Amino acid sequence: MATQSSVPPLTGRVAVVTGASSGIGAASAEHLAALGAHVVVLARRAERLDELVARIKKDGGRALALAVDVTDTAALQTAADRVTAELGGADLLFNNAGVMLPAPVEELATDQWQRQIDLNVTGLMNTIAAFTPQLVKAAAERGVADLINTSSIAAQNIFPNFAVYSATKAYVTHLSRHLRVELGAKKVRVAAIEPGIVGTELQSHVTDEGALQWLEGSKEMMEWLTPQDIAQTVGFLASLPPRANLQQVTIMPTGQAS
């Protein structure tokens with residue numbers, strides 16, 4: 001007979017992870033599954049999602065892949081409806097899809113500005129719109145649900161040439177604090193995670209030469225965080241007693257000063 005302590009802490013929970021095809025999203029999906037959650041992984045790249053689901057299932061976890069772009073509201077709502085139909089709805093949303101495209105503002109890379117706003121702000125809001133009703137319903141029935149948003153230390157600190165990215169992440173942090181007030185009374189915990197530099201695909205999307213040099217230099221000066229470090233933080237937040245809500249978590253590489 002299994003003792004209570006041997007039951008994984010997220011057993012019975014349904015966790016939706018966006019931006020799950022690589023990096024923090026993929027690592028978090030694997031970790032949440034290992035903690036007992038049935039994970040639903042969302043991203044555009046179906047092949048990557050299928051590989052992730054195969055890895056999770058091989059390790060004894062449960063996962064469902066839904067290839068969807070979070071900037072497509074209709075597709076996202078269809079995905080949310082499927083989560084309700086097949087799994088009864090989500091009680092954990094890790095709102096993680098995002099992109100980082102730094103460049104001096106005088107370069108007028110307006111297409112890159114828009115892409116960051118579309119994904120980091122509008123995509124985030126689309127996902128909140130699609131899944132908040134499920135979180136509220138789950139919290140009413142089970143006593144807890146979680147909305148965890150990926151922000152960045154850039155929400156707090158000044159990084160030259162990262163103005164638009166940093167502004168989108170400041171939006172995420174400030175939004176999260178407001179949503180916590182609205183949803184906390186309904187037993188939905190809201191948290192923003194603000195990592196320092198994490199080694200992910202984000203860096204590979206950067207086109208500005210100055211920003212690339214800065215990133216490369218920082219890699220030589222310190223050991224970057226890994227996606228698994230953030231995944232463990234997400235798992236910790238979701239495993240806390242329902243009465244406890246870490247509203248904001250800043251996690252930095254030990255060697256990153258600010």
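Tutor: G143 is partly exposed, at a relative accessible area of 23%. Buried means under 20%, exposed over 50% and partly exposed in between (1.4 Å probe, protein chains only). This is a predicted model: local features need pLDDT of at least 70, side-chain atom pairs count only at pLDDT 80 or more, and totals for chains, interfaces and linings use all residues. Residues are numbered from 1 along each chain as its sequence is written, and side-chain values use heavy atoms, without hydrogens and water.

G143 sits in the loop between α4 and β5. Helices (H or I, at least four residues) and strands (E, at least two) are DSSP runs, numbered from the N terminus. Leaving out residues up to four places away in sequence, G143 touches A138, K187 and P242. Touching, or contact, means heavy atoms within 4.5 Å. G217 is 74 residues from G143 in sequence, and their C-alpha atoms are 47 Å apart.

Take K187, one of those partners of G143. K187 belongs to the loop between α5 and β6. Its phi is positive, about 70 degrees, although K187 is not a glycine. N161 also has a positive phi without being a glycine, with a value near 80 degrees. N161 is in the loop between β5 and α5. The relative accessibility of N161 is 35%, so N161 counts as partly exposed.

Now α4 itself, residues 110-142. Two packed helices are described by the angle between their axes and the distance between the axes. Axes are lines fitted to C-alpha atoms, for helices over the stretch in contact, with angles from 0 to 180 degrees between N-to-C directions.

Begin with α5, residues 163-184. The axes of α4 and α5 come within 9 Å and cross at roughly 15 degrees. The two helices are therefore roughly parallel to each other. The cut-offs are under 35 degrees for roughly parallel, over 145 for roughly antiparallel and 65 to 115 for roughly perpendicular, with the rest oblique. The crossing of α4 with α5 is right-handed. A crossing is right-handed if the near helix is turned clockwise from the far one by less than a right angle, and left-handed if anticlockwise.

On the α4 side, the residues are W113, Q116, I117, N120, V121, L124, M125, I128, T132 and V136. They meet V164, Y165, T168, K169, Y171, V172, L175, L179 and L183 of α5. By class, the contact of α4 with α5 holds 14 nonpolar, four polar and one charged residue. Here Ala, Val, Leu, Ile, Met, Phe, Trp, Tyr, Cys and Pro are nonpolar, Asp, Glu, Lys and Arg are charged, and the others, Gly among them, are polar.

Next, α3, residues 73-87. It packs with α4 at an angle of about 20 degrees, the axes 9 Å apart. So α3 and α4 are roughly parallel to each other. Their crossing is right-handed. From α3, the contact takes T73, L76, Q77, A80, V83 and T84. From α4, it takes N126, T127, A130, F131 and Q134. The contact of α3 with α4 divides into five nonpolar, six polar and no charged residues.

Go back to the loop of G143, between α4 and β5. I148 is found in strand β5. I148 is buried, with a relative accessible area of 1%. Setting aside residues up to four places away in sequence, I148 touches L93, F94, N95, A191, I193, V234 and L237. G196 is 48 residues from I148 in sequence, and the C-alpha to C-alpha distance is 17 Å.

Two of these partners of I148, V234 and L237, are among the buried residues of α7. Helix α7 spans residues 227-239, 13 residues in all. It reaches 18 Å from its first C-alpha to its last. Its buried residues also include P227, I230, A231, T233, G235 and A238. Among the elements that cover them are β5 (145-150), β4 (92-95) and β6 (188-195). The cover also includes α1 (23-34) and β7 (248-251).

Finally, α1 has a helix partner, α2 (residues 46-58). Their axes come within 10 Å and cross at roughly 25 degrees. That makes α1 roughly parallel to α2. This crossing is right-handed. A26, A29, E30 and A33 of α1 meet L52, R55 and I56 of α2. The contact of α1 with α2 has five nonpolar, no polar and two charged residues.

Technical notes
Expected span 1.5 Å × (residues − 1).
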